[in-house]
Amino acid sequence: VAVSLVSKFDEFSPEILTSLGQVAVGLSVSQIESQIRDEDLLASLPSLSKVRGWNTQQAGAILSKLFHSGYQIQDGRSLAALGSLVAGLDLDRLQGVLPDMVLDALQVPGFATQLEHLSPAQKTVFVHKGWEFQANDPPATDEITSHDSRGKETPESYQQSGQKEGFNSGRSSSSNLSSVFQLIAATGGFKDLMKHVPDELVPYIPKSQLVPVGEFSIQYLNGKSWTQEQATVFFDDVIRTVHDFSSLCASILQGFTCAAASNLDTERLRELAKAMKEKKVQLGKDQLLCLADRLVLHGVPHDFNEYPEDLVLFVSPSDYGAIGSCKEYFAHVGKANVDVLEKGSSQRKQLLAEALDCLKISGPHVSWENAEILGRLACDLSAEYFKTSGKNLLKQLTQCRSFSPDQVKAIQALLCSGNTPLGPPSEWTPSTLEELSGLFHVFDLCILKKIPASVLMPQLKCLLHKSHLHRKDLAAFVKSLRSPRQKRSSELECPSNETITDEKAQDEMLPVDYEDPAFLRACLKDEVFLRNIDTLSSFPFSDEQLAVIKEMLDRLYPDGIPDSVLRKLGGFIYLMDPEDIKKWKFNSAETLAALLANDPSPEMAATIIRQYTDNGGPLNAEALNAIGTKYICLLEPDQLRKIDENAIKAANPLDPSGCNQTTKDILYPKAKRACSDQHNPPQYYECIKPYVGAAPVEDLRALTKDNVNMDINTFMNLTKDAIWRLTPSEVKGLLGKNLPEMKDQQDKSPIKEWIAIQPKSELKRLGFGVNGGTPKGYINITPRNNSKKAMGGQCKFEK
């Protein structure tokens, strides 16, 4: 509607722009650049800064003209005056904003809420960039005095630098890159950092800034949107301070660690568990396992049902029998998030088998009552159950996260047949589709063709996003909903009334209205295509239509797609081959993040990252956040060596446990230096944990004294050489509360080999019944890591 309204104007005076109000969001980049004078935009800033919903391209175009007109960010008020347009600030300009300007801007009512709409890369710059730079850059001139977290005076400096258009400062890059949070932390310590940080940027504060020093108030931590990784840093300090755990918010409680639990007696741990249940805290597998081990150490307590729902997944039916029947037990399991356990894992298979036995289900028929008890466990039933009892299981199936191919076929046949309480698709209503929204991704053509068009069309946008149908099939189906159109493949010119406008380019039915590739080629003009490329990239074009898109990109950019377009490439990234990517000249972390956000294949992602680094793109915090755990293993040794430890410290946690040993060996010493300022042992371990798979035995021995309670999976991912050199007492010190888990893994490498070379008497002292070991009178030959047979040798020692 907004696009249609603003299209009626040929020019935009300050009066018109102001009168448009929220409708101004319909302005296209082309209109902003060619139909509005710089000075008119400047005069309209008070109105335009209040418009909600600017995209990055619109806001960027407006800011570009504002800065060209002479507008400068001189202080906090001139920054805050940008309002919703702040989303258009590029990373380079953001890095040029001084921390005191940001602090002043945050005091202006309403500005902090605008930060919510920034991209992750922009938020990261606000939080990390200066802090990362300040760690490496020495003080220079114009010293100011601040205080470190201990109250000691420390010098900080600003150097003189030239001005950049739109930015007025006599201070240097050192200050320009200083983060607002570093400034707060330096001047007021942890307490003021927590007090002043805006909620919108909380998830982007580096963990190293969250180590409590001295006294602090819980009220400044409580209620903020912490990530689980952040909360683990200060969780131990918080629970030592708080008397009433129920006063804590869910985002703090999710930071629960086994190490922190070891400092609580059983009664206090029960209070903590009840608070987690009350606040509906989502815990991970390791957290739940640790909690269950502590709480049911002496049997399942009678108030067990007051603990987190998912805890029941780590308690056996026989143990639960002390307080309830097996039906009650599996009713709780069915309500729990079974996806905490990996689908197809032995534990989930065992739970389902025991549930079927308890409910006396011997064949594929499941009654409605039993389906209610099974709950989410029904997701693991075979396709035969879906075929026979699907009508009773439908409610449960809508909650499943994924299905096997056989399960999908069974669900499709069930829905298409109409043999469900919902009836045949031809009789479905809007409320029926809402009820089945969890199954949209398995709808096939048999189902879609039978749904009345009047019911389906309002839900079509949602279906287009969720459907797993091939683009061709989906486009063909949507086409069938419309009246037949005359074939235009022979047309070389596009009728004036059929030219694709900005408004039409936003309509998800465009691939259907212009299904003929020749018609699409004739009617989609270059300027409209480029202005709307990010939206068009999400449409279900056919392969033939995508070929037209590829032709346009090749013709427009024969020497490589520019940075500004790469950021908006979206799903069109899949049209690119390695030779296309090698033409790209980008070196912006923001562009890297936009490209990798499209979930490219590992091969394509590796090529993109290589092109970024070869172009001089830094592997800083923003780049590491873009790469993430998903792609970190793709980096080559020369790229990994360019990563600075401050980037690791500032970036979101990475998990290289699935990478090759070379990658782990390069990252570990960097992570160790990055975590070195964590003086609290549990906090240091949480920081280093993702990288500990490459730790030498000397570092592991140091951890044995720190009560880290290493989980068994982390232990099994340590280097074999380090594991084999650890004594049983050292392993006990590492695993702590998790030591009993070793018994379940004793037949798996590398634990099996480790056991084989340990003195039987030492293993016995561990006290959890592990089998094996070396009898007294034998000596062991520690195996080498490169041995083809990773087994220890035994020699009889004769006196």
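Predicted model: local features only at pLDDT ≥ 70, side-chain atom pairs only at ≥ 80, totals over all residues.

Cys358 is buried at a relative accessible area of 11%, whereas its disulfide partner Cys326 is partly exposed at 33% relative accessibility.

**Cys326 and Cys358**
- The sulfur atoms of this disulfide are 1.9 Å apart, and the torsion about the S-S bond is about 85 degrees, so the link is right-handed.
- Cys326 belongs to helix H20 (residues 326–335) and Cys358 to helix H21 (residues 346–358), so the bond ties together parts 32 residues apart in sequence.

**Cys379 and Cys400**
- An S to S distance of 2.0 Å joins Cys379 to Cys400, and a torsion of -95 degrees makes the link left-handed.
- Cys379 lies in the loop between H22 and H23 and Cys400 in the loop between H23 and H24, so parts 21 residues apart in sequence are tied together.
- Both cysteines, Cys379 and Cys400, are buried.

**Cys633 and Cys659**
- In this disulfide the sulfur atoms are 1.9 Å apart; the torsion is about -80 degrees, so the bond is left-handed.
- The pair links the loop between H40 and H41, which holds Cys633, to the loop between H42 and H43, which holds Cys659.
- Cys633 is partly exposed at 30% relative accessible area, while Cys659 is buried at 8%.

**Helices H17 and H18**
- The axes of H17 (residues 266–278) and H18 (residues 285–295) come within 10 Å and cross at roughly 135 degrees; the helices are therefore oblique to each other.
- The crossing of H17 with H18 is left-handed.
- Contacts involve Thr266, Leu269, Arg270, Ala273 and Met276 of H17 with Leu291, Arg294 and Leu295 of H18; these residues comprise five nonpolar, one polar and two charged.

Terms used. Residues numbered from 1 in each chain as written. Heavy atoms only, no water. Axes fitted to C-alpha atoms, helices over the stretch in contact; angles between N-to-C directions. Helix = DSSP H or I, 4+ residues; strand = E, 2+ residues; numbered from the N terminus. Parallel < 35°, antiparallel > 145°, perpendicular 65-115°, else oblique. Left-handed = near helix turned anticlockwise from the far one by under 90°. Contact = heavy atoms within 4.5 Å. Nonpolar A, V, L, I, M, F, W, Y, C, P; charged D, E, K, R; others polar. Disulfide = S-S within 2.5 Å. Buried < 20%, exposed > 50% of the residue type's maximum accessible area, 1.4 Å probe, protein only.
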